[in-house]
Amino acid sequence: MKEQTQFKWEKQNKNILGFNLKDFKYFKYDDPNEKTNIKKCDVCDNPCLIDEFGNGKCNNCSWEQGGSSLELKYKVGYPNLIPLSKAKKLYKFNKLFNPDFEDFINNLLFYGEMEFEYKNFKYVVDRYTDKFEIQICKVNDYENRQSYKSIDEFISKAKIDNKLLKDIWEDITNVNWQS
């Protein structure tokens, strides 16, 4: 009975991410995210390990391979926060791939939800397409959220500590899409 249960479990889970190969006795387990291929990094041209879908992080420059970054060379594309063309320029000058305020706005329009930190507080920004509204607030402080009816209004009026978000952008850290 135990062997039959093991067989059924393996058959059901043989292609699911995150399992250990040693847990499988009857089926060959292939993790589709295992990095088994090599390609040139899209930014620095160094060799980069990728999975069967073309996804992988470059150990040299930290650029995330795959996703839509190649198709959107001049726009933000998953999973990166800046366009590929900008990443190549920043790499040449040995600079980090940190999004500027314009990149942040493009990310917000692309992903719909963003987060960042300012003075050790985490903030979230959500774009609600059904209500045509953008909201910003500290995490877990939703009663004090600010709402804006357009991206232009958000850019010109969104404030933290009575300062425009765009004016304090240099002090913003850990920008990312919401996970």
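Aspartate 161 is partly exposed, with a relative accessible area of 46% (buried means under 20%, exposed over 50%, partly exposed in between; 1.4 Å probe, protein chains only). Aspartate 161 forms a salt bridge with lysine 119, the closest N and O atoms being 3.7 Å apart (a side-chain nitrogen of Lys or Arg within 4 Å of a carboxyl oxygen of Asp or Glu). Lysine 119 lies in the loop between β5 (113-118) and β6 (121-128), and aspartate 161 in the loop between β9 (159-160) and β10 (163-164), so the pair ties together parts that are 42 residues apart in sequence. Helices (H or I, at least four residues) and strands (E, at least two) are DSSP runs, numbered from the N terminus.

This is a predicted model: local features need pLDDT of at least 70, side-chain atom pairs count only at pLDDT 80 or more, and totals for chains, interfaces and linings use all residues. Residues are numbered from 1 along each chain as its sequence is written, and side-chain values use heavy atoms, with hydrogens and water left out.

**Salt bridges**
- The whole structure holds seven salt bridges.
- Aspartate 42 pairs with lysine 39 in a salt bridge, with 2.7 Å between the closest N and O atoms.
- Aspartate 42 is buried at 11% relative accessible area, whereas lysine 39 is partly exposed at 22%.
- Glutamate 153 and lysine 157 form a salt bridge at 4.0 Å, N to O.
- Both residues lie in helix α4 (residues 151-157), four residues apart, about one turn of the helix.
- An α-helix has 3.6 residues a turn, so residues three or four places apart point the same way.
- Glutamate 153 is partly exposed at 22%, and lysine 157 is partly exposed at 48%.
- A network of salt bridges links Lys86, Asp100 and Asp103.

**Sheet**
- Five strands form an open sheet with antiparallel pairing, in the order β8-β7-β6-β5-β11 (two strands pair if DSSP finds at least two bridges between them).
- β8 (146-148) and β11 (173-177) are the edge strands, each pairing on one side only.
- The twist averages 15 degrees from one strand to the next (axes are lines fitted to C-alpha atoms, for helices over the stretch in contact; angles run from 0 to 180 degrees between N-to-C directions).
- Three bridges join the antiparallel strands β5 and β11.
- Glutamate 115 has asparagine 176 in β11 as its bridge partner.
- Helix α3 packs on the sheet and touches β5, β6, β7 and β11 (contact means heavy atoms within 4.5 Å).
- The direction of α3 makes about 145 degrees with that of β5.

**Nonpolar cores**
- The largest nonpolar core has 21 residues (a set of buried Ala, Val, Leu, Ile, Met, Phe, Trp, Tyr and Cys residues joined through side-chain atoms within 4.5 Å).
- Phe104, Phe116, Phe154 and Leu165 have the most contacts inside this core.
- α3 (101-111), β5, β6 and β7 each supply at least two residues of the core.
- The largest share, four residues, comes from α3.
- Not counting residues up to four places away in sequence, phenylalanine 154 touches Phe104, Ile105, Leu108, Val125, Ile134, Ile136, Tyr148 and Leu165.
- A second, separate core of 13 residues includes Ile50, Cys58, Trp63 and Leu90.

**Helix α2**
- In α2 (residues 84-92), Leu84, Ser85, Ala87 and Leu90 are buried.
- Asparagine 94 follows α2 and has a positive phi, near 60 degrees.
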